[in-house]
Amino acid sequence: MPLLSPSTQRSIVLIGKESTGKSQLIASLTGHSPYSTNFRGSTVDCETYAGDGVTFVDTPGILYRSDTATTRVALEQLQAYDTVLLVVKATHVDEDLADLLPLVVGKRGIVVIPFWDKVAPSDFTCQVIRR
Ligand SMILES: Nc1nc2c(ncn2[C@@H]2O[C@H](COP(=O)(O)OP(=O)(O)OP(=O)(O)O)[C@@H](O)[C@H]2O)c(=O)[nH]1
Ligand SMILES: [Mg+2]
């Protein structure tokens, strides 16, 4: 992997509710296994994973309307970065976007939707992607 100076290494923070596939997505993109700060498969602290030109910042799942320590960790990370990768489950796209989009107003980024294997392909799901 080429060594990049901090100025060329972009950082992207992953934000989403619990068990939406954030850590798995980073593992797939970077080839790194999730670190040991995972507890029973859940990320409990902020973790950074260097990819090729991009550092991904993994965060604990946000428990909406809960003031848990792990949710606070995720929200602090969200404040620290201006590029966000929002991870919402295909089974809960509308609900998760309604809850999470207000948190990322003013940031740039994209929405990634794992768990498409858990929904039946239909005109409705295609409309959701386009929207
Ligand atoms: N069926 C299916 N399972 C997936 C998909 N993406 C991730 N998973 C699985 O879902 C589980 C949770 O994935 P994680 O990557 O740990 O989710 P997370 O968002 O990091 O979870 P927290 O850290 O607890 O917020 C793991 O067992 C993954 O292997 C997917 O697209 N489809
Ligand atoms: Mg995780």
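Ser 19 is partly exposed, because 14 other C-beta atoms lie within 10 Å. A residue is buried if 20 or more other C-beta atoms lie within 10 Å of its own, exposed if 12 or fewer, and partly exposed in between, with C-beta atoms placed from the backbone. Ser 19 sits in the loop between β1 and α1. Helices (H or I, at least four residues) and strands (E, at least two) are DSSP runs, numbered from the N terminus.

This is a predicted model: local features need pLDDT of at least 70, side-chain atom pairs count only at pLDDT 80 or more, and totals for chains, interfaces and linings use all residues. Residues are numbered from 1 along each chain as its sequence is written, while chains are lettered from A and ligands numbered from 1 in the order in which they are written.

**Backbone angles**

- Most residues other than glycine have a negative phi.
- Ser 19 has a phi near 60°, a positive value in a residue other than glycine.
- Phe 115 also is not a glycine, and its phi is positive at about 70°.
- Phe 115 lies in the loop between β7 and α4 (123–130).
- Phe 115 is partly exposed, because 16 other C-beta atoms lie within 10 Å.
- Gly 53 takes a positive phi near 85° in the hairpin of β4 and β5, which has three residues between the strands.

**Ligand 1**

- How many residues surround ligand 1? The shell has 17 residues, and the closest are Gly 21, Gln 24, Ser 42, Thr 43 and Gly 61.
- A residue is near a molecule or strand if its C-beta atom, placed from the backbone, lies within 6 Å of it.
- α1 (22–30) and β3 (42–43) each supply at least two residues of this shell.
- α1 gives the most, with three residues.
- By class, the shell has three nonpolar, ten polar and four charged residues.
- Here Ala, Val, Leu, Ile, Met, Phe, Trp, Tyr, Cys and Pro count as nonpolar, Asp, Glu, Lys and Arg as charged, and the others, Gly among them, as polar.

**Nonpolar core**

- The largest nonpolar core has 18 residues.
- Val 13, Leu 14, Ile 15, Phe 56, Val 84, Leu 85 and Leu 86 have the most contacts inside this core.
- β1 (10–16), β5 (54–58), α2 (69–80) and β6 (83–87) each supply at least two residues of the core.
- Such a core is a set of buried Ala, Val, Leu, Ile, Met, Phe, Trp, Tyr and Cys residues joined through C-beta atoms within 7 Å.
- Phe 56 is in contact with Ile 12, Leu 14, Ile 26, Leu 29, Thr 30, Tyr 49 and Gly 51, leaving aside its neighbours within four places in sequence.
- Two residues are in contact if their C-beta atoms, placed from the backbone, lie within 7 Å.

**Ile 26 in α1**

- Is Ile 26 buried or exposed? Ile 26 is buried, because 25 other C-beta atoms lie within 10 Å.
- Ile 26 belongs to helix α1.
- Not counting residues up to four places away in sequence, Ile 26 touches Leu 14, Tyr 49, Phe 56 and Asp 58.
- Ile 26 and Asp 58 are 32 residues apart in sequence, and their C-alpha atoms are 7.6 Å apart.

**Strand pairing**

- Two strands pair if DSSP finds at least two bridges between them.
- β1 and β5 run parallel and are joined by four bridges.
- Val 13 stands opposite Val 57 in β5.
- Strand β4 (residues 47–50) pairs with β5 in the antiparallel sense, over four bridges.
- Ala 50 has Thr 55 as its bridge partner in β5.
- β6 and strand β7 (residues 108–112) run parallel, joined by five bridges.
- Leu 85 stands opposite Ile 110 in β7.
- From β6 the chain crosses through helix α3 (residues 93–100) to β7, and this β-α-β crossover is right-handed.
- Right-handed means that, with the strands pointing away from the viewer, the path from the first strand over the helix to the second runs clockwise.

**Other positions**

- Asp 45 lies in the loop between β3 and β4.
- Asp 45 is partly exposed, because 16 other C-beta atoms lie within 10 Å.
- Asp 45 and Thr 70 are 25 residues apart along the chain, and their C-alpha atoms are separated by 6.7 Å.
- Val 54 is in strand β5 and touches Arg 10 and Ile 12, not counting residues up to four places away in sequence.
- Val 54 counts as partly exposed because it has 16 C-beta neighbours inside 10 Å.
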